[in-house]
Amino acid sequence: MGSEPPLLDALKSLYQQVSGENPGFSTSISRNKDESNLDNIVEDCRLPLIDLHRLTLSAVEQESCKQEIANAAATHGFFQVINHGIPTKVLKGLQYHQMKLFELPFCMKASGVSFLNWPANTYRWGNPAAKSIGQFMWSEAFHLGVADISKVDAFMGSRSYVDMFVSGAASLSKAITEILAQNLGVNDTSFFEENCSPDNCYLRMNRYPPCHSIPEVFGLMPHTDSDFLTILSQDEVEGLQLVAEDGRWYSVRPIPGALTINIGDLFEAWSNGVYKSVRHRVVTSAESERLSVAYFYCPSYETVIESCMIERQPLIYKKFSFGEYKRQIQLDLQFTGDKIGLSRFYNI
């Protein structure tokens, strides 16, 4: 009884649906260059690396650190942090238990609701909504709300590591959002405290298996995140890439012990475009699997997202609730296989 999801079978089936051809056992399934854009990668991109210990030092050091965070959010949309408050042993322990979780038999993972008391749709693999080869995802994941973690019966001994990671990520998210809000002149940051409680946030454990047969297939298709902030812990296998303003894709080198933070769609809308929610993706490796765990800092579905900079005109985005935004994403995925995102909410 194997643990691997039937990714190759699903990909072949999708290929046959979209092309009308039977690939058999061919290993030549690929996207064209315009769709994959893999020839435009610039390797060894170094994101801003920010030492958060400086926030505990002199007023000058604190202000300098805060400005670096704001500049990174406005220019790159991504940055990495060290001395972030989550011990390395917690990150390593979570990674180990995450690996053990993915080693469960596939039938057990796929039937997690009955076997392990997981909420429905916690375990995900491939991309059932894919309409093209470029939308398929060579990966599997456990995705669940933080509020549901305490209800889960089995986490392969990782509960304490999960709890410590979630607690640390929640504190870090709160600190970063306060810094970014204050940089915009918003000193009352109660909006985030009132609307982004940990119970509204999500945890996602990702595994990207080695992809020997189709090196061009994505582990995670290009997208932006639909939250305020994402806190990402990853192993030392490269795979995360982001697109720059010049349209070129840049590969992010993991730094042991560091966390990667990126701006989500809600923060871009709330900041009236000052902070950037940047498209990113994960590419596969022929030799190595890749593991990561992400904490998504989200508000309640009823929360209205409106620019905090009303006095600045023109406003790029009209106001919308997080629930409206999520429903529109689901509709777009259903009909196009892709997330269209913030462009649906331009103020025109």
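This is a predicted model: local features need pLDDT of at least 70, side-chain atom pairs count only at pLDDT 80 or more; totals for chains, interfaces and linings use all residues.
The side chain of Glu 178 reaches the side chain of Lys 174 in a polar contact of 2.7 Å. Glu 178 sits in helix α8, which covers residues 159-183. As for Phe 191, it is 13 residues away from Glu 178 in sequence, with a C-alpha to C-alpha separation of 9.9 Å.

Turning to the strands, β9 (residues 240-243) lines up with β10 in the antiparallel sense, and three bridges join the two. Within this pairing, Leu 242 has Tyr 250 of β10 as its bridge partner. Five residues lie between β9 and β10, and the two strands make up a hairpin. The turn holds Gly 247, whose phi is positive at about 85 degrees. Strand β10 itself runs over residues 249-252, with Trp 249 and Ser 251 pointing one way and Tyr 250 and Val 252 the other way.

Eight strands build an open sheet with mixed pairing, and reading across it gives the order β2-β3-β11-β8-β13-β6-β5-β4. The edges are taken by β2 (49-51) and β4 (123-125); each has a single partner strand, so one side of each is left without a neighbour in the sheet. From one strand to the next, the twist averages 25 degrees. Inside this order, β13 and β6 stand side by side. Strand β6 spans residues 202-208 and strand β13 residues 290-297, and seven bridges hold their antiparallel pairing. One of the facing positions in this pair is Tyr 208, which stands opposite Arg 290 in β13.

Finally, some totals put these details in context. The chain contains 11 helices and 15 strands. Of its 348 residues, 51% count as buried. The accessible surface of the chain is about 15,800 Å², and carbon and sulfur atoms account for 51% of that area.

Key. Residues are numbered from 1 along each chain as its sequence is written. Side-chain values use heavy atoms; hydrogens and water are left out. Two strands pair if DSSP finds at least two bridges between them. Helices (H or I, at least four residues) and strands (E, at least two) are DSSP runs, numbered from the N terminus. Axes are lines fitted to C-alpha atoms, for helices over the stretch in contact, and angles run from 0 to 180 degrees between N-to-C directions. A polar contact is a pair of N or O atoms within 3.5 Å; within protein, one must be able to donate a hydrogen and the other to accept it, and residues adjacent in sequence count only if both atoms are side-chain atoms. Buried means under 20% relative accessible area, exposed over 50%, partly exposed in between (1.4 Å probe, protein chains only). Accessible areas come from the Shrake-Rupley method with a 1.4 Å probe; for residues, only the protein chains shown count as cover.
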